[in-house]
Amino acid sequence: MLVLSIAAILSFSTRLFSVLRFESVIHEFDPYFNYRTTRYLTEEGFYSFHNWFDDRAWYPLGRIIGGTIYPGLMVTSAVFYHALWFFNITIDIRNVCVFLAPMFSSFTTLVTYWFTKELKDAGAGLVAAAMIAIVPGYISRSVAGSYDNEGIAIFCMLLTYALWIKSVKTGSLFWSCLCALAYFYMVSSWGGYVFLINLIPLHVLALMLTGRFSHRIYVAYSAVYCIGTILSMQISFVGFQPVQSSEHMAALGVFGLCQMHAFIDYVRSKLSVEQFNILFRSIVLMGAVVSLSVAAIGTATGKISPWTGRFYSLLDPSYAKNNIPIIASVSEHQPTTWSSFYFDLQMLTIMFPAGLYFCFNRLTDANIFIIMYGVTSIYFAGVMVRLMLVLAPVMCILSGIGVSSTLNTYMKNLDVSRKDKKTSKKNVDHTYPFKNEVATGVVFLVTAFLITYTFHCTWVTSEAYSSPSIVLSARAGDGGRIIFDDFREAYYWLRHNTPEDAKVMSWWDYGYQITAMANRTILVDNNTWNNTHISRVGQAMASTEDKAYEIMRELDVNYVLVIFGGLTGYSSDDINKFLWMVRIGGSTDRGAHIKEADYYTPQGEFRIDKEGSPTLLNCLMYKMCYYRFGEVYTEGGKPTGYDRVRNAEIGNKNFDLDVLEEAYTTEHWLVRIYKVKDLDNRGA
Amino acid sequence: MRGVLHFLIGLTVIFCIECKVKQDAIDGAIVNSKVDRKIDVSTHLVKMSTSITLENTGKSPIKSFLYALEPSLQNYLSIITANVKDKDEKLGVSQTTVASKKDLSFWRIELPSNLEPGKTMTVDVDSSYAHALTPYPAEITQSQKQQVLYNGNVYFFSPYSTKSQTTTVTTTNTAIESYSKSPKPVSQTDRTVTYGPYEQREAFSEAELRVHYENNSPFLTVTNLERIIEVSHWGNIAVEEHISMRHTGALLKGPFSRYDYQRAQDGLSSIKAFKTVLPAAARDVYYRDEIGNISTSNLKEMDDFVELELRPRFPLFGGWKTQYYIGYNVPSYQYLFNKGDNYALKMRFVDHIFDDMVVDQVTVKIILPEGAKNMRLETPYPVTQGENQLHFTYLDTTGRPVIVIHKSNLVEQHIQDFQLHYTFQKLLLLQEPLIVVGAFYLLFLAVIVYVRLDFSITKDEAKESKMRVASLVEEVQSAHDRRSALYQSYDDAINKYKSTKDANTFAATRKKVDADYKSLTQQISDRQYKDLVALAITLAEKLVSGKINKQQYLDNEKINKTKREDLDSKMEALRSSLA
């Protein structure tokens, strides 16, 4: 109990590095959108939130917020907010948002303990809880300020799993209903619920195949599936998908199979073996034919939607790269590297197979579930960096089981008290020499592993995952800290010094931040639902000034915002993202004239210096980033206009902008805002 | 926009006139024998200090005189004060109207003593005008310097005739573009333009004064200031100021180039940073805005004030605006005074924001502790008091009373103290801690009740029997514990007996231990150990009395001891299995 509460507190406090080091501020990109919607929800109430048509985003299309998001996160924090205000605890909604993720991670710690306890025993539960409290793979998404769906979704997911195990174990309707409710919460908060609704049927299927199907499972699954599906359809973004899209078909199929299996069991108990065999064959044949034809008709008539790109990329890692540049352009969707496995999980990668071994050792219904969860999630985590998040909890659970079982085995062999030593010397087990020594060694080794794990996790958290990315910091020559607050400088400038209805064009990464912080209308944002629109922006960025001007006039753009790191050496700027703009811009019909090859040198390099391709040196993005940069000395001993990210002197220095004028550039040139000039007067 | 603003300010000024319906007549007996006017336009304010020598040419003594505002400036007035020359005491100044000159704005200045016929008296009148300077050209590029235009009156605009007068205009620097050259004599030396002396001018005489000059001083205007003062009787006053500001100089035309700004250090009229002076006791100062902390500020602690150098997120060019808030805590003993249950809060109505500040609109909200009553406000100048509100924050039940005060068009001279009197029962201080204590008390009570109650519908047999067994086991355990302690004392007694050979004490101890043992054996029937102890006793007795030799004793004792140890470990095992 004490260990558990310490773990829960630890998991909260280790995520506060960023607040202490910077301030209580929302991080990254998506959280800004969540924060903005939450604020809207708390101010306007649920119904207007539900019907909210946001005209600040996706100009000129707009976006129906209520119907296109998972509202779980916003509703959760709004509930917290109102509850606190009810007791006159006047806490700012921003602080509720910032501290929500750490709070839910300490809930996760508790749930993990319970879950693992259900699977194994309390000891393993404690180890797993302690591990999940500090596992970097999970911290990366739940530090204070990272106000994103995943923060609460992991909690929901583990809660659903724990309740599922409980209901499988007991076969009681009560637990199944709770499980369905937890599933509903999960659906309302994260799109990753699809993993869940596929994993549970898979578990049931596996149980059927291994002949472990029983009434308990029948009750549990039927209840969870029916109630869960009906509840999940209440989320307007999900709507009828649970009965239409192919991602959910597995669950439906298993549900049907469940009924059949139960029916067959029933019939089998009533009929003789021969009669049963005949019946069984004919029914299986008929059932297969009917279900196949239904599926075929459904797909043909469009009732069952085809698989979306993101799921194809889950199954085939190279799919996105070849077909949908917009998905591939997000670094989160890249396949995971080995180093990042180790970075995020450290010793868990080693202990995970041990845990699997112990689970196989004592196979139960629940253990089968955790094995399947582990194996599938390790595959998905390998496909997409982002799904590391799903893997981290199961890694902790299995490692918890592994560590605790190992220690249990060897602790027994330790000779603890002196009195026992005398007796044990008399009856030394000759088949197992150095029993005590080996045991001591193993225990020490495991302890050492655990200690290094703790140090590693703390280090990773403080170094890698606790920078808000909206405020950058660098070390100055004298060891002091320099803070680059350019993003907020620019956004705040936009907020106060542009007309209220100004439209800002930028690459979609910054969309959410601009709407949240600058409160201005933007063309595209991080909700990348309209590929052609994003592509249009990409085309504008990749075209020459004249062409771009046409596009910008067409889209009513007043201001253009680019991120430029050439002066400070900030590497994730727009020039480095530029190839994606070209690819996405060229991926639609209207942008067919934009070809990626034009932006490379004949040798196939992407260069910004004199050798670079003329198309690149004259496109809008290049000009906006390097406007008047050619006159600046950035580094001693280097010519003017030396780009510190690409380590090259820029190739196109003295040029003027015809259709744009510099409206604002931040102190370190990180953000540059340009104003689109009006059309010339006729005759002038 | 500016025009509208001025109109609004003018309107409020006019409104104030209406609310104090005062009528005065122009007394023809008064003559301004000598007037010396100094107009300082070096900043974005117009500061006019007029030294008037009044002469009473009539028959009866004079109590007060009228001061008329120039028509071109009357909408811009921020503050007007008057004192007798070389004396600090402020004279009473109040707004008034004159029936014959309805469209003009008059102020009546009370004299400290009656001005007898034929006598003279010199009065200094200081007035400040905000937004009276017009940028000309109205739009400049980043590299241009800002030039402004001052439009005024060459003559002292007075309801009385003036015998002799001079006017000097002080500009920012020597770069004076042009100035009106008539009526003569007009002269310019360095940064001053001198008009006059002029002799014998009629009342209300006018002639255009126009100076066009370079003025790069910060044209910074606080368009809206909300000052929130939260008083806590636990020793703290929290002040927070929400400030919207705007550069009201010439608008920026064309692009803003960061390169030129960094390299050439141009943008002379832009505002990069300014200094705010906070009270010396200010602690926990923060400087933030809607999207988070602003990291560009420096705090310097001086002896009698705290200087805060603020840099907005971006430099302010003409027409650009920004918003931020700063807050700090001050200890309440410096500002809050009490006598019994009567309290008085004495604080500045507005505080320093930057030098030569101009504040268009101020809302001051004073949040008093819950339970404060009978609020009475005293202000150094007239203000509009809004409707009182209630504010709810941590641990509040009925809400804290909030006094809301509005005032428009303020300058530095308005930094003066207000006083707020109210009554507050000291006992109410304990209310909030008691709420916390009560809440915890209820929580624990609820837990106690919950644990003791059985909410299950059906009786859980297994659980109940388990609990029964648990209690039995516990009983047995404690009995065993006591028993082993008892045996230990037997051993001790024997050892002691062996060493001291004091049979009497031994017998006494033994008796006592035996009695204890007997009562215990009623609980436990395991007597083996007792027998062994009895054997040990007899052996020891034999040894002491010399019935057996030492070697024999040692052998016997050894056997006995191992047996006892075995039993000991058995009991230990039993106990741990029960635990």
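## Two packed helices in chain A

At what angle do helix α20 (residues 338–345) of chain A and helix α23 (residues 388–413) of chain A pack, and how far apart are their axes? The angle is about 50° and the axes are 11 Å apart; axes are lines fitted to C-alpha atoms, for helices over the stretch in contact, and angles run from 0 to 180 degrees between N-to-C directions. α20(A) and α23(A) are therefore oblique to each other, given that angles under 35 degrees count as roughly parallel, over 145 as roughly antiparallel, 65 to 115 as roughly perpendicular and the rest as oblique.

Ser340(A), Phe341(A), Asp344(A) and Leu345(A) of α20(A) meet Met388(A), Leu391(A), Ala392(A) and Met395(A) of α23(A), where contact means heavy atoms within 4.5 Å. By class, this contact of α20(A) with α23(A) has six nonpolar, one polar and one charged residues. Ala, Val, Leu, Ile, Met, Phe, Trp, Tyr, Cys and Pro count as nonpolar, Asp, Glu, Lys and Arg as charged, and the others, Gly among them, as polar.

## Basis of the model

This is a predicted model, in which local features need pLDDT of at least 70 and side-chain atom pairs count only at pLDDT 80 or more, while totals for chains, interfaces and linings use all residues. Residues are numbered from 1 along each chain as its sequence is written, chains are lettered from A and ligands numbered from 1 in the order in which they are written, and side-chain values use heavy atoms, with hydrogens and water left out.

Helices (H or I, at least four residues) and strands (E, at least two) are DSSP runs, numbered from the N terminus.

## An enclosed helix in chain A

Helix α27 (residues 511–518) of chain A is largely enclosed by the rest of the structure, because eight of its eight residues are buried. Buried means under 20% relative accessible area, exposed over 50%, and partly exposed in between (1.4 Å probe, protein chains only). Among the buried residues of α27(A) are Tyr512(A), Ile514(A) and Met517(A).

The buried residues of α27(A) pack against several elements of chain A, including α3 (30–44), α26 (486–497) and β7 (559–563). Just after α27(A), Asn519(A) takes a positive phi of about 60°.

## Chain B as a whole

Chain B holds seven helices and 33 strands. Of the 579 residues in chain B, 45% are buried.
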